[in-house]
Amino acid sequence: MYDCIIVGAGPAGGTAAYHLAKRGRSVLVLEKESLPRYKPCGGGVSPSIAEWFDFDFSPAISIKANTIRCTWKMGDPVEAELKTPEPVWMVRRDVFDHFLIQQAQKQGAELKDNVEVTGIEFQSDRWQVNTANGSFTGRYLIAADGAKGPMAKWLGFKERKRRLAGALEAEAPAQVENGHIAHFEFGMVKNGYLWNFPKADGYSIGVGTFIGGEPQDFKKILDEYGNSFGLDVKTCKQYGHALCLWNGEQKLHTDNAILAGEAACVVDPFTAEGIRPSIFTGLKAAEAIDKAVGGDINALEKYSEVINEEWGTDMAWAQKLAGLFYRFPGVGYKVGVKRPSAPQMMGKILCGELRYGDVAGRAIKRLTPFGG
């Protein structure tokens, strides 16, 4: 019988496993894929996550980007060097996620990969987790099985109003020039943006839309964007996937179980950043389960409160900003992105040094006269 079973070995699951094992709790992580496994993701990580761990992430970082370059329909560029103490980390998710789980294993967490969960049963005060490889029992359960995972539904979170965004990504192997620049393009896609993030051996290039609207030809848009960098994304493997955006206050706990990572819908509705919020939920999930195992009967409820207060409050601002910016992107680009201080602010938000609450009021005022 484990203190906690974690389903999913992404950033949320790995973080929770690390911090629980470090506190001396017995932890089992179940992951349906074999690790390391590919995961479509731009792979931009806020360096501020380092403060939540006591080890060096260098082996898991592919390259660091200290410059942001924004364009409107591939023209009208704005480039800014980030004045943050540490640049944005660019990671490959197979390497990054596996590295995090390995740190958890060093602390004593157990990993069973290539094991798919087929169902769960609550038995008075514990969870039985069934897999094709047998059943496992844990006092507590963390569902960290991502945007498409079945755990949230099985745990009874059926009626959540999930805001799903769509993204299409391609990994383009290339000789990387200017590997310190992260590119954002705002005019070629409606209700979202395109990105080109450098890695040591190529680019992660993608397109996403974060507010509904008419369907768009993602493949064609991505192809055109890739061509502007001399990349033929038609020859690259392409991955479409859903993103679970934050959509207002939500209950993230139930009997002896909590949701973490994208299963908890924590993706930033403005930038689509998902790794830092997932890690934050993993950290807080570990704290909550540790307290619950120690006898605190309100620990899981407090987890829902903490995520809503410490992440959700800021995401409410991000949602307001996204609503205005992506509906009137031309105006947003002119009065938002092209301001000399704007890319710096964007960089600080991406690096975790600034919160939306610090800047959104002013930004919304600038955007509102045009959009009402």
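Q: How do helix α1 and helix α2 pack, and at what angle?
A: This is a predicted model, where local features need pLDDT of at least 70, side-chain atom pairs count only at pLDDT 80 or more, and totals for chains, interfaces and linings use all residues. Residues are numbered from 1 along each chain as its sequence is written, and side-chain values use heavy atoms, leaving out hydrogens and water. Helix α1 (residues 11–22) and helix α2 (residues 93–106) pack at about 15 degrees with axes 8 Å apart. Axes here are lines fitted to C-alpha atoms, for helices over the stretch in contact, and angles run from 0 to 180 degrees between N-to-C directions. Helices are DSSP runs of H or I with at least four residues, strands are runs of E with at least two, and both are numbered from the N terminus.

Q: Which residues of α1 and α2 make the contact?
A: Contact means heavy atoms within 4.5 Å. On α1 they are Pro11, Gly14, Thr15, Ala17, Tyr18 and Ala21, and on α2 Arg93, Asp97, Leu100, Ile101, Gln103 and Ala104.

Q: What classes of residue does the contact of α1 with α2 have?
A: Ala, Val, Leu, Ile, Met, Phe, Trp, Tyr, Cys and Pro count as nonpolar, Asp, Glu, Lys and Arg as charged, and the others, Gly among them, as polar. On that basis there are 7 nonpolar, 3 polar and 2 charged residues.

Q: How do the axes of α1 and helix α5 cross?
A: They come within 7 Å and cross at roughly 35 degrees, with α5 spanning residues 275–293. The contact of α1 with α5 divides into 9 nonpolar, 5 polar and 1 charged.

Q: What makes β6 and β16 edge strands?
A: The open sheet has 7 strands in the order β6-β5-β13-β14-β15-β12-β16, with mixed pairing. Strands pair if DSSP finds at least two bridges between them. β6 (75–81) and β16 (238–245) each have a single partner strand, so one side of each is left without a neighbour in the sheet.
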